[in-house]
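Reader: Please walk me through this one feature by feature, with the general idea before each case.

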Amino acid sequence: MRSTLVRQFGDPEQVIEIVDAARVEPGSGEVEVEISLAAINPSDLIPVTGAYRARTELPFVPGFEGVGIVRRVGTGVHQLKPGDRVVPIGASGLWQQFLVRPAEWCFAVPDDVSDTQAAMSYVNPLTALRLVEALRLHFGSLQGRSVGVTAAGSAIGGMLMKLLTLEGVVPTAVLRSDKSRTCVGEGYSIVVTDGSDLPAGARFDAVLDAVGGTLAAELISRTIHRGGAFIQYGALSGIPVPQAAIAGRPDFRFAFLWLRTWVHSAGRDALEAAFARSFAGLRDGLFASPVAATYPLSRHREALAHQSDPLRNGKILLDPRC
């Protein structure tokens, strides 16, 4: 079968190879899934660079998100059968044609959700839902709260802006480039800054941050109200939030939200409920994401180059079948 493989850490465009790998027979409690479409997310590429090398064992197959069809089932599997469409989660490995995964980590896709939608139903929607829930746990009612959303022009940023508005929040898109304005929906307040030129009036009850680095430090020190919250769920800048900025503000809550941590502790019922909300959001457009392009897995380097294009407008998908 066709598969990607990472044998050494480095630039994803250089170190991710295409290899011919053997199909694996599903064992007890496992299913084999033929991947139809897989998404490219920053969370797929960061481990390739070696940023998480302490918990990343080489070699490995990248890819956390996608959709496929069950082809074979192992003994003891009763909830799934060949032909079922599923979203397999719980570990990387989706950038290959066939994947063996425990059946308990595979979630059935409703018939009215397309492969394209299902391939983007996991990472961003579930992260967005968890972030809003974290704010709700901190504040109680979110009605009237002011929340800054960094990288608001991204797919997940757009989801957060919509979700927060539904909660009665007044969201502000915090962008690093004026070019991203076109990716933010109509009717939202927008702040364009790299952190060094924050408007004097920028004040928030909370910030949901996907950037880190200097921007995060400035937002913490200059914009968060006393008793507020700063929740980081990404580091697109490649730089951690400076500890000095956090230590200098003992009057607010700083927290990380990593989807992986929640997924591995939530339990099957909570995950099924989260996917039900994700699929509902895909149907009504709340979690809809534009697709910039779909590439055959054999052209993965072109796909990765497109992924890194700052002018890219939409998700990049891979088709491992070709």
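**Contacts, helices and a pocket**

Author: Leaving aside residues up to four places away in sequence, Leu-198 touches Thr-193, Glu-218, Leu-219, Arg-222 and Thr-223. Contact here means heavy atoms within 4.5 Å. Before we go on, a word on the source: this is a predicted model, where local features need pLDDT of at least 70 and side-chain atom pairs count only at pLDDT 80 or more, while totals for chains, interfaces and linings use all residues. Residues are numbered from 1 along each chain as its sequence is written, and side-chain values use heavy atoms, with hydrogens and water left out.

Reader: Where does Leu-198 lie, and is Leu-198 buried or exposed?

Author: Leu-198 sits in the loop between β10 (189–192) and β11. Helices (H or I, at least four residues) and strands (E, at least two) are DSSP runs, numbered from the N terminus. The relative accessible area of Leu-198 is 7%, so this residue is buried. The cut-offs are under 20% relative accessible area for buried, over 50% for exposed, and partly exposed in between (1.4 Å probe, protein chains only). Leu-198 is 24 residues from Val-174 in sequence, and their C-alpha atoms are 9.9 Å apart in space.

Reader: Which residues does Asp-205 touch, not counting residues up to four places away in sequence?

Author: Asp-205 belongs to strand β11 (residues 204–209). Its contacts, with the sequence neighbours up to four places away left out, are Phe-139, Arg-145, Ser-146, Ile-224, His-225, Gly-228 and Ala-229. With 13% relative accessibility, Asp-205 counts as buried.

Reader: Now to helices. What span should helix α9 have?

Author: The expected span of a helix is 1.5 Å times one less than its number of residues. Helix α9 (residues 268–284) has 17 residues and should therefore span 24 Å; the C-alpha atoms at its ends are 25 Å apart, which agrees.

Reader: Which residues of α9 are buried, and which are exposed on the other side?

Author: Start with the general idea. An α-helix has 3.6 residues a turn, so residues three or four places apart point the same way. In α9 the buried residues are Leu-271, Ala-274, Phe-275, Ser-278, Phe-279, Gly-281 and Leu-282. These cover an arc of only 160° around the axis, so they are on the same side of α9. That arc is taken from the directions from the helix axis to the C-beta atoms. On the other side of α9, Asp-269 and Asp-284 are exposed; for Asp-284 the relative accessibility is 57%. The buried residues of α9 pack against β5 (85–88), β7 (106–108), α3 (115–118), α4 and α8.

Reader: How does α10 read, and which of its residues are buried?

Author: In helix α10 (residues 300–307), the buried ones are His-300, Ala-303, Leu-304 and Gln-307. Down the axis of α10 these buried residues fall within an arc of 95°, so they line one face of the helix. Their cover includes α1 (12–15), β2 (16–20), α2, β14 (291–296) and β15 (315–319).

Reader: What does α5 pack against?

Author: Helix α5 (residues 155–166) has twelve residues and reaches 17 Å from first C-alpha to last, close to the expected 16 Å. Its buried residues pack against α4, β8 (146–150), β9 (170–175) and β11; they include Ile-156, Met-159 and Leu-163.

Reader: Which backbone details deserve a look?

Author: Most residues other than glycine have a negative phi, and most peptide bonds are trans. Here Ala-151, although not a glycine, has a positive phi of about 50°; this residue is in the loop between β8 and α5. Just after α5, Gly-168 takes a positive phi of about 85°, and just after α9, Gly-285 takes one of about 90°. The peptide bond joining Leu-58 and Pro-59 is cis, with omega about -10°. Pro-59 is in the loop between α2 (42–49) and β4 (66–73).

Reader: Last, pockets. How much space lies in the second largest pocket?

Author: Rolling a probe the size of a water molecule over the atoms shows where empty space is left. On a 1 Å grid over the protein atoms alone, a pocket is an open set of points where a 1.4 Å probe fits, with protein on both sides within 12 Å along at least five of seven lines; lining residues have an atom within 4 Å of a point. Grid points are joined across faces, edges and corners, and a volume is the space filled by probe spheres set on the points. The second largest pocket holds about 200 Å³. Its lining includes Arg-130, Ile-231, Arg-253, Phe-256, Trp-258 and Trp-262. At least two lining residues come from each of α4 (123–139), β13 (253–256) and α8 (259–266).

Reader: How many of the lining residues are nonpolar, polar and charged?

Author: Eight are nonpolar, one is polar and two are charged. Ala, Val, Leu, Ile, Met, Phe, Trp, Tyr, Cys and Pro count as nonpolar, Asp, Glu, Lys and Arg as charged, and the others, Gly among them, as polar.
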